[in-house]
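I opened my notebook to look up a few things in this structure. Here it is, so that you can follow along.

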Amino acid sequence: MKLYQSVGPNPRVVLFYLAEKGLQIDRVLVDIMSGENRQGEWLKKHPRGGIPVLELDDGSLISEATVICDYLDERFPEKPLAGATPEARAAVRVNPAAVTRDELRRHRRFDLAWADDERGRVDVGEHRHRAD
């Protein structure tokens, strides 16, 4: 698997999710500031230019942060974050946008470490404090 990410709240949700589940996957930084996500090759992966996108080993693509998180929870059920029962999952899904906003506000002073090797693989649980 490979996660295409950028700066911003939606990719950060997936990074937090990966960290909480203790998963490490290859990551590729998409430069949205230069418009990389609005150009030909990227638009083949996501026609609307959205980020994040999870590319599976078979080449299929999953977009949208909440859908990626749902997939990861089902693919790696050992530590369910969205609930272990249908009732618990329903309670978690009631208002994900509000939860996401609140969590991002709480963590806004932290940036997850960027990849530091040629393949873009890094322990997503690492973070550094921003001085702003």
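First, a term: helices (H or I, at least four residues) and strands (E, at least two) are DSSP runs, numbered from the N terminus. The model is predicted, so local features need pLDDT of at least 70 and side-chain atom pairs count only at pLDDT 80 or more, while totals for chains, interfaces and linings use all residues. Residues are numbered from 1 along each chain as its sequence is written, and side-chain values use heavy atoms, with hydrogens and water left out.

**Entry 1: helix α1.** I looked up residues 9-21, which form helix α1 with 13 residues. From first C-alpha to last, α1 reaches 18 Å, close to the 18 Å expected at 1.5 Å a residue (the expected span is 1.5 Å times one less than the number of residues). After α1 I found glycine 22, with a positive phi near 75°. Among the buried residues of α1 are Val13, Leu15 and Lys21 (buried means under 20% relative accessible area, exposed over 50%, partly exposed in between, with a 1.4 Å probe and protein chains only).

**Entry 2: the sheet.** In what order do the four strands of the open sheet run? I read β2-β1-β3-β4, with mixed pairing (two strands pair if DSSP finds at least two bridges between them). The edge strands are β2 (26-29) and β4 (61-63), each pairing on one side only. Strand β1 (residues 2-5) pairs with β2 in the parallel sense over four bridges. Lysine 2 stands opposite aspartate 26 in β2, and tyrosine 4 has valine 28 of β2 as its bridge partner.

**Entry 3: salt bridges.** How many salt bridges does a search of the whole structure find? I noted four (a side-chain nitrogen of Lys or Arg within 4 Å of a carboxyl oxygen of Asp or Glu). One joins aspartate 73 and lysine 21 at 2.9 Å, N to O. This pair links distant parts of the chain, helix α3 and helix α1, 52 residues apart. Are aspartate 73 and lysine 21 buried or exposed? Both are buried.

Another joins glutamate 41 and lysine 44, with the closest N and O atoms 3.1 Å apart. Both lie in helix α2 (residues 40-45), three residues apart, about one turn of the helix. Glutamate 41 and lysine 44 are both exposed.

I also found glutamate 55 with lysine 45, at 3.5 Å, N to O. Glutamate 55 lies in strand β3 and lysine 45 in helix α2, so the pair ties together parts ten residues apart in sequence. Glutamate 55 counts as buried at 17% relative accessibility, whereas lysine 45 is partly exposed at 26%.
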